[in-house]
Amino acid sequence: TSTLYVQQLGERQFKMVDNALFNCRLTFDTEFETRINSDGKHEIVRISKASDYTTRRFMLSAAHTEADYRMLGDELTNRGGFWQIEIGSIATVNIPKGIEYDLDKVIEDLGLSLIEIVNDLEDER
């Protein structure tokens, strides 16, 4: 059980407005349908639309300041992307599919040393 931040599209249709930390399929812009289970809670039954964003996650290093990371996030936001910091040390970035944006180059140009968190079960890129 977890709390998700969503926009309600219909009686049981929802759209993610951020990223679920522990479920790599429920990322920013993903739409899904639910049913009410025996406990009276929403239970996801299917994803109806995959996100139009590529999602990547990184462990942040204490060697960099919040301002360093904000430069990365601001550049992404200026290009129509979305980013968030979770548990104070995990950055999740959402890059609109179809735009030219080389996140790896931006990270390198800013001199950031980030460790990417990769989902071994499903390659999201």
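Let me start with a definition: Ala, Val, Leu, Ile, Met, Phe, Trp, Tyr, Cys and Pro count as nonpolar, Asp, Glu, Lys and Arg as charged, and the others, Gly among them, as polar. Keep in mind that this is a predicted model, where local features need pLDDT of at least 70 and side-chain atom pairs pLDDT 80 or more, while totals for chains, interfaces and linings use all residues. Residues are numbered from 1 along each chain as its sequence is written, and side-chain values use heavy atoms, with hydrogens and water left out.

First, the empty spaces. Rolling a probe the size of a water molecule over the atoms shows where such space is left. On a 1 Å grid over the protein atoms alone, a cavity is a set of points where a 1.4 Å probe fits but cannot get out; a pocket is an open set with protein on both sides within 12 Å along at least five of seven lines; and lining residues have an atom within 4 Å of a point. Points are joined across faces, edges and corners, and a volume is the space filled by probe spheres set on them.

The largest pocket has a volume of about 410 Å³. Its lining has 14 residues, with Ser-2, Leu-4, His-42, Glu-43 and Ile-44 nearest the centre. Two elements, β3 (31-36) and β4 (42-49), each give two or more residues to that lining, and β4 has the largest share, three. Strands here are DSSP runs of E, at least two residues, and helices runs of H or I, at least four, numbered from the N terminus. By class, the pocket lining has six nonpolar, six polar and two charged residues.

Now the cavity. Helix α1 (66-78) gives the most, three residues. This lining divides into nine nonpolar, one polar and no charged.

Most residues other than glycine have a negative phi. Asp-29, though not a glycine, has a positive phi of about 85°, and Asp-29 lies in the loop between β2 (13-16) and β3. Ile-87 has a positive phi too, near 50°, and sits in the loop between β6 and β7. Which of these is buried and which exposed? Ile-87 counts as exposed, because its relative accessibility is 63%.

Terms used. Buried means under 20% relative accessible area, exposed over 50%, partly exposed in between (1.4 Å probe, protein chains only).
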